[in-house]
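Hi,

Here is the structure I promised to pass on. Have a look first, then read on.

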Amino acid sequence: MATKINVRSPFYIKPTNSSLASATMQLYIYTGVLTTDKPASAQYTITKNEIDSNNYVVFEISELVRDYIDIEFDGEYDSQTVWVESDITMYNAVDGGGSSVGTSNTDYIAFDGYGYFHEGTNPQLSRGLLLSNNTIFRLNDSNVRIPVFTEDTNSVSFFYQGVEKRTQSIPSAGVDVNNTNGQIEYVTVSGSDNTDTYEERVLADGGTLETSSCLTDFLNQLDIGLVDEVYIATDNGVEVVKILSTDECKYEPYKVTFVNKFGALQDLWFFKKSVESTSVTSEQFKASIFDQSTLSYKTHKHQQQAFLAQGKDRITMNTGYVNDDHNAVLEELLLSEQVWYTEITETEEKVIPVIPLTKSITYKTSVNDKLANYTVDFEHAFDKINNIR
């Protein structure tokens, strides 16, 4: 099967041959079915010459590939990856001249992930579970989505109080592991990946949500996913993810979704106090309001005139108390280039793109801090006044 690569970090390809003087690489990047949907022409053709008669060249392809990964999130959790094929021909003369002395053809599956410095070059991060944490905090009655790499995962089992509730084979029925849309599966505690809560299920069915204190109290006693442990059976062993449910009756919880270090969508709930604000910027000029014909001016007219006024909305969120496991999650959230939060009203579910404004964080531990709450500032990733042209 194709080799997994993470294109937010460099990925190097090194063709070697004792007679090599140069090499030409044709790079194909595409979505869909492996080989079947490969384009007729390569997106890139690159020729490199050896240096100091070392009989090899080095190609770095991550930045080229990443241009073709455009991750979107509209509430749907999709596998967003691309196939990459490198066809390399080695020559015994510079600039692709002379005779061919060897070829290599390799398929890759590219994720918008990355490795850390200590993980070395060409980080594949080969594992079934596409999360760094093994504990998930969720709002009671909300869905949980766990991203897994289908090639390295065999099954997922759901448990509650030590009793197995169900087991799901991976890949699931209808998932094509030879298609880019089948590389990441988002397994859910509810068995459905389209809705999070009762409110979302009502809106998804075209209903109207009428809130009341009695209804809220009733819904808080229900849970669509009575699961407290998830066992992910992978080629490298079994990963256990604990699910901890939390009730919140005072504050409005928000679900933040971001692209994590594995290139998968990950949810993080912020349960506690949130504060919204708006900042405004504008330019000013001094207008001439004097009427020479009457030697007067109108006192209700602006002498100082504002223009190019624009606003930005911000929101500050608090996670509530989480464990040490979430230090890695907060780190990946701040390093993510694609972040959204979901806002549910009585009539719709809105996915709002945001940019984390918090640029540094002090990690908390149960030993030093006992209880850890994290505060993160976000800014809406669009202007307040619509200026899309």
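Below are some notes on the overall build and the salt bridges.

This is a predicted model, where local features need pLDDT of at least 70, side-chain atom pairs count only at pLDDT 80 or more, and totals for chains, interfaces and linings use all residues. Residues are numbered from 1 along each chain as its sequence is written, and side-chain values use heavy atoms, with hydrogens and water left out.

The chain has five helices and 23 strands (DSSP runs, H or I of at least four residues for helices and E of at least two for strands, numbered from the N terminus). Its C-alpha atoms fill a box of roughly 85 × 80 × 50 Å along the principal axes. Of the 389 residues, 42% are buried (under 20% relative accessible area; exposed is over 50% and partly exposed in between, with a 1.4 Å probe and protein chains only).

There are 14 salt bridges (a side-chain nitrogen of Lys or Arg within 4 Å of a carboxyl oxygen of Asp or Glu). One of them joins Arg 8 and Glu 337, with the closest N and O atoms 3.6 Å apart. Arg 8 sits in the loop between β1 (3-6) and β2 (12-13) and Glu 337 in the loop between α4 (327-335) and β21 (339-344), so the pair ties together parts 329 residues apart in sequence.

Another pairs Glu 119 with Lys 261 at 3.1 Å, N to O. Here Glu 119 is partly exposed at 31% relative accessibility, whereas Lys 261 is buried at 4%.

Cheers
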